[in-house]
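Hello,

Here is the structure we talked about handing over.

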Amino acid sequence: PKIHALLAELAEANANRPGASVVILADRDKVAMDEEIRLALGDRRLRVVTRSGSPLVRRDLDLVNLGGARSIIV
């Protein structure tokens, strides 16, 4: 539930950075996450990519390109 507020803050903070993106890795269904995030963001502009997996599994972490991340929130 806290992700909605966090995404709203990130969208506002990155309003002047076109192309800013956020990747979310969670142990949830990707389609469900996409729909929930789309509804939560409304008309805010922020590219959100979802990946289904566990942050405790290295193979799943490789899906989110940690080495190229500007910031990481756990």
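**Salt bridges, core and surface**

Asp 34 is partly exposed, because its relative accessibility is 32%. On this scale, buried means under 20% relative accessible area, exposed means over 50%, and partly exposed lies in between (1.4 Å probe, protein chains only).

Some ground rules. This is a predicted model, so local features need pLDDT of at least 70 and side-chain atom pairs count only at pLDDT 80 or more, while totals for chains, interfaces and linings use all residues. Residues are numbered from 1 along each chain as its sequence is written, and side-chain values use heavy atoms, with hydrogens and water left out.

Back to Asp 34. Its salt-bridge partner is Lys 30, with the closest N and O atoms 3.2 Å apart. A salt bridge here is a side-chain nitrogen of Lys or Arg within 4 Å of a carboxyl oxygen of Asp or Glu. That rule gives a count of 4 salt bridges. Lys 30 and Asp 34 are 4 residues apart in helix H2 (residues 30-41), so about one helical turn separates them. Helices (H or I, at least four residues) and strands (E, at least two) are DSSP runs, numbered from the N terminus. Lys 30 is partly exposed, at 34% relative accessibility.

H2 holds another pair. Glu 35 forms a salt bridge with Arg 38, and the closest N and O atoms are 2.7 Å apart. These two are 3 residues apart in helix H2, so they too are separated by about one helical turn. Glu 35 is partly exposed at 36% relative accessibility. Arg 38 counts as exposed at 51%.

Next, Arg 58 and Asp 62. Their side chains meet in a salt bridge of 3.2 Å, N to O. Arg 58 is exposed at 58% relative accessibility. Asp 62 is partly exposed, at 48% relative accessible area.

Now a charged residue without a bridge. Asp 60 lies in helix H3 (residues 58-61). Asp 60 is buried yet has no salt bridge. The nearest side chain of opposite charge is Arg 59, 4.1 Å away. For charge, Lys and Arg count as positive and Asp and Glu as negative; His and the chain ends are not counted. What does Asp 60 touch, not counting residues up to four places away in sequence? The list is Leu 25, Gly 53 and Ser 54. Contact means heavy atoms within 4.5 Å.

Ser 54 sits in the loop between strand S2 (47-52) and H3. Ser 54 counts as buried because its relative accessibility is 14%. Neighbours within four places in sequence aside, Ser 54 is in contact with Leu 25, Asp 27 and Asp 60.

On to the core. The largest nonpolar core has 10 residues, among them Leu 7, Val 22, Ile 24, Ile 37, Leu 41 and Leu 46. Helix H1 (2-13), strand S1 (21-26) and H2 each give two or more residues to this core. Such a core is a set of buried Ala, Val, Leu, Ile, Met, Phe, Trp, Tyr and Cys residues joined through side-chain atoms within 4.5 Å. Leu 7 touches Val 22, Ile 24, Ile 37, Leu 41, Leu 46 and Val 48, not counting residues up to four places away in sequence.

Last, the segment after H3. Asn 65 lies there. Phi of Asn 65 is near 55 degrees, a positive value in a residue other than glycine. Asn 65 is exposed, with a relative accessible area of 51%.

Best wishes
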